[in-house]
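Biologist: Could you walk me through this structure? I am new to it and would like to take it slowly.

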Amino acid sequence: MDFEESLQLARSLPESLPPLTVDIDGTLTDDTRAVDPRVFPVLQSWPSTIVIATGKAMPYPVALCEFLGLETRVIAENGGVVVPGRERDAIFLADTEAIESLAAAYRERGHSLGWGSADLVNRWRATELAVSRESPLDPLADLADEYGLTVVDTGYAYHVHSASVDKGVGLSRMAAELGRETRDFAFVGDSPNDVPGFEVAGIAVTVDNAPDAVKSQADYSAPGAYGDGFLDAVEWLSERYR
Ligand SMILES: O=C(O)COP(=O)(O)O
Ligand SMILES: [Mg+2]
């Protein structure tokens, strides 16, 4: 689908489409992690609520919403942070204490988080820690056990967060804040961190770059990978809800 065709798709979205929760990395991006511009008109024309649900820190999805002119509805840090609207307070569903202790202990054991000194990946995180997949997983997993935290490998980074949050928990809180049910939402994603979202959403769709274990949890696996897969997912949802 070229950009012109994505505009056509955006213009032909049925009004009956459900609220949409969509992941960023691997779902709205291409294989270089750049956001695929063909998804822009589709997101901007979506006839219902859009929620961006990501493992990234809050400023990234907030900026995506702002720059696209979407209402700021964001689940960040894999459910640790929920922003139900531009005028609404951010809700923090986990605290930083255990994460900070774990980060310090990981460094004390001689390991780096792997993002260089600026560490723009963690700089604005409030509830979880992201560690480069170039850094060793075993000591991270040991420390997570010790601190009672969960480690998720998204394929882009290791994310360590409270066992009490995930994208499903985030979506439950978001839905409650919006006066909706989680089953009202379609959820499109690509990675293990999306599966808890699939479990509470009404309909779950993966893109072709998703691992088989993730695809097997979805109602539909789009044939295309990355942004192509998201656009396929939108075509499929459009048929289903027309
Ligand atoms: O940054 C990651 O590791 C994953 O981010 P995503 O949840 O938007 O795919
Ligand atoms: Mg992803």
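Modeller: Before the layout, two strands count as paired if DSSP finds at least two bridges between them, and helices (H or I, at least four residues) and strands (E, at least two) are DSSP runs numbered from the N terminus. This is a predicted model, in which local features need pLDDT of at least 70 and side-chain atom pairs count only at pLDDT 80 or more, while totals for chains, interfaces and linings use all residues. Residues are numbered from 1 along each chain as its sequence is written, and chains are lettered from A and ligands numbered from 1 in the order in which they are written.

Biologist: OK, how do β1 and β9 run, and how many bridges join them?

Modeller: Strand β1 (residues 20–22) and strand β9 (residues 186–189) run parallel and are joined by three bridges; within this pair, threonine 21 has phenylalanine 187 as its bridge partner.

Biologist: And what helix packs on the sheet at β9?

Modeller: That is helix α9 (residues 226–241), which touches β9, β10 (203–206) and β11, and whose direction makes about 160 degrees with that of β9. Contact here means C-beta atoms, placed from the backbone, within 7 Å, and the angle, on a scale from 0 to 180 degrees, is taken between N-to-C directions of axes fitted to C-alpha atoms, for helices over the stretch in contact.

Biologist: What order do the strands of the whole sheet come in?

Modeller: The open sheet has eight strands in the order β5-β4-β3-β2-β1-β9-β10-β11, with mixed pairing, and its edge strands, β5 (91–92) and β11 (220–221), each pair on one side only.

Biologist: Switching topic, where is Asp23, and is it buried or exposed?

Modeller: Aspartate 23 lies in the loop between β1 and α2 (39–45), and it counts as buried because it has 29 C-beta neighbours inside 10 Å; the cut-offs are 20 or more other C-beta atoms within 10 Å for buried, 12 or fewer for exposed, and partly exposed in between.

Biologist: What does it touch, and what does UniProt say about it?

Modeller: Beyond its neighbours within four places in sequence, aspartate 23 is in contact with Ala53, Thr54, Val188, Gly189, Asp190 and Asp194. The unreviewed UniProt entry annotates Asp23 as "active site", though such annotations may be inferred rather than shown by experiment.

Biologist: Last one, what are the domains?

Modeller: The assignment, whose bounds come from an automatic or database source, gives domain 1 (3–92 + 165–241) and domain 2 (97–162). Their centres, taken over C-alpha atoms, are 25 Å apart, and 15 residues of domain 1 are in contact with 14 residues of domain 2.

How values were computed
Contact = placed C-beta atoms within 7 Å.
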